[in-house]
Amino acid sequence: PSPISFPTAHNPSSSTMTTATSASTIPATSPLHQALQVYERRFMLHLNRGQTLTATSHLRIQSLQTCLAEQTVISLALRAAVSNLSDHRNGAARTSIDLDSEYGRKCGVGSREYKMLQDGELDRVLDELGNVPLHTRLVDLARGSGRRMETLVDTVMVERERNWWMRCREGHAGLEKLYNEVTASFGYLVNVGVVGTEDSEEEEKIEALVDEVEGNARDLRDEQVERLERLAADHRRAVNVVLDAIGSGSTEEEEQYKAEEGGDSQSQSDGEKGQRAFIVLEEMSKASKDILPQMEQDDAALLEIMERVASHKTDSMKRMKIRLRQVSIAQSAIQKVLSQVSVLREALDRWCVDVAHLEHVQELPTAYGDFISEVRRRRAYGEAVAATAGAMIERLAYVRDEEVKMRERFLRGAGRHLMPPFFEVFVPTLVSAPPLFAPQFPAMVEMDTLPDFGSLEKTEADGVRRASGGGITVPSLSPDEDVAGTTSDASMENSSPIDDSGADHDNAETN
């Protein structure tokens, strides 16, 4: 914004803002006429100055609106950047909560893994393993292979487990250090991405400036337009007065003089006409002497508003640069923390895999009891399969023997009377024996490798806990009862036709 510089005198050749007919173009015939034309040019100068001030007010309003629109866009862009940062910060906060829960569950103070790494915990577990004796059958198997194992601790490589325990403990210390660093980084992000009071105050200032421009500034512009219309009317009247005084006046002006003087203006001399024109022009000049100062004063007010708006825009640009820099730094900090979280989670997963090996030692007594139960269950399963297979083979042999007897009975009875086509054409296998079923079951090699720990009932008597996961429950089988049951069923099914055919055959031979 800058003030307006006006010329000190009117230059008709360079004026392009005159909107009314000028009396300066008429040749002056006397000094009086020249003085009147100078008066008229002063009114024209005032009109041109008013036009300039009014046009400037329009330009100032446009500039103010453009500047405020740009500031509004800056404010909205900054709010969008801060809102985006706030979303990222909220996501990081949720990640922090999930990380705290995961870390506490896997290696926190109350977790099983943390207790496992306390001083003396491994020695306590090893002492417990030393108090659990191995089954005598296992002790014999170990001696047979040249090794001496009497308790569960003898099956553990103690030195290796101690080294592994130290490694897991050092890894836990590194995890705790990294977790504390990540927690501190999350603490730095607590106030990041929040719209501060300064942002709200800046938005309120912009709204206040917009209200001032749309209210006060527009009113000033409208007043400038009204004053310009008055200056234009005064200039038109001055032109008419001057033209009438020099002998080229308009009819309206003559009628006005007649109404004011009560006589005919033509009866007056040129001197009287000039004197009256000077009086009228002087009255008009006095009546409008405050218009231009008021217009200049209002233009100064518009200039002051423009300066304040421009200054506020400059401050907004500087502040936006600082805030965007802060947002950029905060975004980088969030991404850095998320990267640290990824590294921590990968290290935590690897540590959990490592520490899971120590759980094998801690769970060894329970696993040993389940091992005894599983071996006994598998032996029972193998014995049941063998018994069932033997009963099945015996049943197949019995059924085949019965089939052979029935075929012989048929061939010796009704089959004797059949003609050769029945044996050669219709049923060529009528005289053949039933096929021999000899199923071959795979060898139970597993049974040879399973130690004999006794029956399943002995498991509870020995106080060894059975596996809770469940397995194949094999009922105790009585091969004699099963074979007898299946044989009696087959006999019941086949006894009637065999006995009936036999009886008929005997009766036929007797007859």
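This is a predicted model: local features need pLDDT of at least 70, side-chain atom pairs count only at pLDDT 80 or more; totals for chains, interfaces and linings use all residues.
**Overall make-up.** I went through the elements of the chain and found 14 helices and zero strands. Of the 511 residues of the chain, I read that 33% count as buried. I then checked the contacts with a separation of 6 or more, and residues 24 or more positions apart account for 85% of them.

I counted 23 salt bridges, and I looked at several of them one by one. The side chains of Arg49 and Glu296 meet in a salt bridge, with 2.5 Å from N to O. Arg49 lies in helix α1 (residues 31–107) and Glu296 in helix α9 (residues 291–362), so this pair ties together parts that are 247 residues apart in sequence. Glu296 counts as partly exposed, at 33% relative accessibility.

I next turned to Lys313, which forms a salt bridge with Glu70, and the closest N and O atoms of the two are 2.1 Å apart. Lys313 lies in helix α9 and Glu70 in helix α1, so here the pair ties together parts that are 243 residues apart in sequence. Lys313 is partly exposed at 24% relative accessibility, and Glu70 is partly exposed at 34%. I also noted a network of salt bridges that links Glu102, Lys106, Arg345 and Asp349.

**Helix α6.** I did find a kink of about 30° in α6, centred on Val213. Elsewhere I looked at Arg221 and Asp222, whose side chains meet in a salt bridge of 3.2 Å, N to O; Arg221 is buried, with a relative accessible area of 15%, whereas Asp222 is partly exposed at 37%.

**A buried charge.** I looked up Glu161, which lies in helix α5 (residues 158–188). Glu161 is buried yet has no salt bridge, and the nearest side chain of opposite charge, Arg160, is 5.5 Å away. Leaving aside residues up to four places away in sequence, I found that Glu161 touches Leu122, Val156, His357, Leu358 and Val361.

**Cysteines.** I searched for disulfides and the structure holds zero. The sulfur of Cys107 is 6.5 Å from the closest cysteine sulfur, that of Cys352, which is too far for a bond. Cys107 counts as buried, at 2% relative accessibility.

Definitions and conventions:
Residues are numbered from 1 along each chain as its sequence is written. Side-chain values use heavy atoms; hydrogens and water are left out. The bend at a residue is the angle between axes fitted to the seven residues ending there and the seven starting there. Helices (H or I, at least four residues) and strands (E, at least two) are DSSP runs, numbered from the N terminus. Buried means under 20% relative accessible area, exposed over 50%, partly exposed in between (1.4 Å probe, protein chains only). Lys and Arg count as positive and Asp and Glu as negative; His and the chain ends are not counted. A salt bridge is a side-chain nitrogen of Lys or Arg within 4 Å of a carboxyl oxygen of Asp or Glu. Contact means heavy atoms within 4.5 Å. A disulfide is a pair of cysteine sulfur atoms within 2.5 Å.
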